[in-house]
Amino acid sequence: VLAGPKLVFSLLFFMLPKIIMQDYGEDAPFGLYISIAPILIIIFLIILTPLQANYDPYDLIICGTLIATLGPIPMFFGMNIVDFILFIIIISFAEALYSPMVNVFTFNFTKEGREGTFLTLTDVPTYLTMAVTGVMGGYLLENFYPAEENDQHSKQPWVIWLIIIIVSGTSCLIIIFCRSFFECMG
């Protein structure tokens, strides 16, 4: 269920470098922009720790996944460095808010002696997302943000981000409407 919001974060590493190189050339410092995310996540984790200690993990998962889903909105206004950085800030905040709570939520219903197995399962969305992101990102770039435009393919970045928001939003709706199911699994 978390694969949708994780998809938004994974695109940072799978698709954004390709877009930056297409628009700003091979010498563009996309690695510098991408490295902002892990640094921000650490900073946001420190800032958010008191919040995470005082609120229900599931509520924070919902909040964080909704923020991640809406993270691509700056990309509708342009495909430039300022919009990339806003995107990175938003999704880094979302990741710092909900990712640790997935572990807390999972740990709350693990059986004694099986904590490691259950916590390992919290990484499944990340690995699933990597597989999906590679294929989906390649398809979206090829069809809606090609290196060279032609009669069949033109740059329509809004289509890319709309599709991503819809996919991630579907995950968020499942998380919201199936809350009682997920909470009673334990």
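A pocket, on a 1 Å grid over the protein atoms alone, is an open set of points where a 1.4 Å probe fits, with protein on both sides within 12 Å along at least five of seven lines; its lining residues have an atom within 4 Å of a point. Grid points are joined across faces, edges and corners, and a volume is the space filled by probe spheres set on the points.

The model is predicted: local features need pLDDT of at least 70 and side-chain atom pairs count only at pLDDT 80 or more, whereas totals for chains, interfaces and linings use all residues. Residues are numbered from 1 along each chain as its sequence is written, and side-chain values use heavy atoms, with hydrogens and water left out.

**First stop: the second largest pocket**

Select Lys6, Glu95, Ser99, Asp123 and Thr126, the closest to the pocket's centre among its 15 lining residues. The volume of this second largest pocket is about 240 Å³. Helices H1 (3-14), H5 (81-108) and H7 each supply at least two lining residues; helices are DSSP runs of H or I with at least four residues, numbered from the N terminus.

**Second stop: H1 and H7**

Next, display H1 with H7, whose axes (lines fitted to C-alpha atoms over the stretch in contact) come within 8 Å and cross at roughly 60 degrees, on a scale from 0 to 180 degrees between N-to-C directions. On H1, select Ala3, Lys6, Leu7, Ser10, Leu11 and Phe14, which make the contact (heavy atoms within 4.5 Å) with H7.

Finally, select H7 (residues 124-144) and H8 (residues 157-177), which pack at about 150 degrees with axes 9 Å apart. The two helices are therefore roughly antiparallel. From H7, Met136, Leu140, Leu141 and Phe144 take part in the contact.

Terms used
Parallel < 35°, antiparallel > 145°, perpendicular 65-115°, else oblique.
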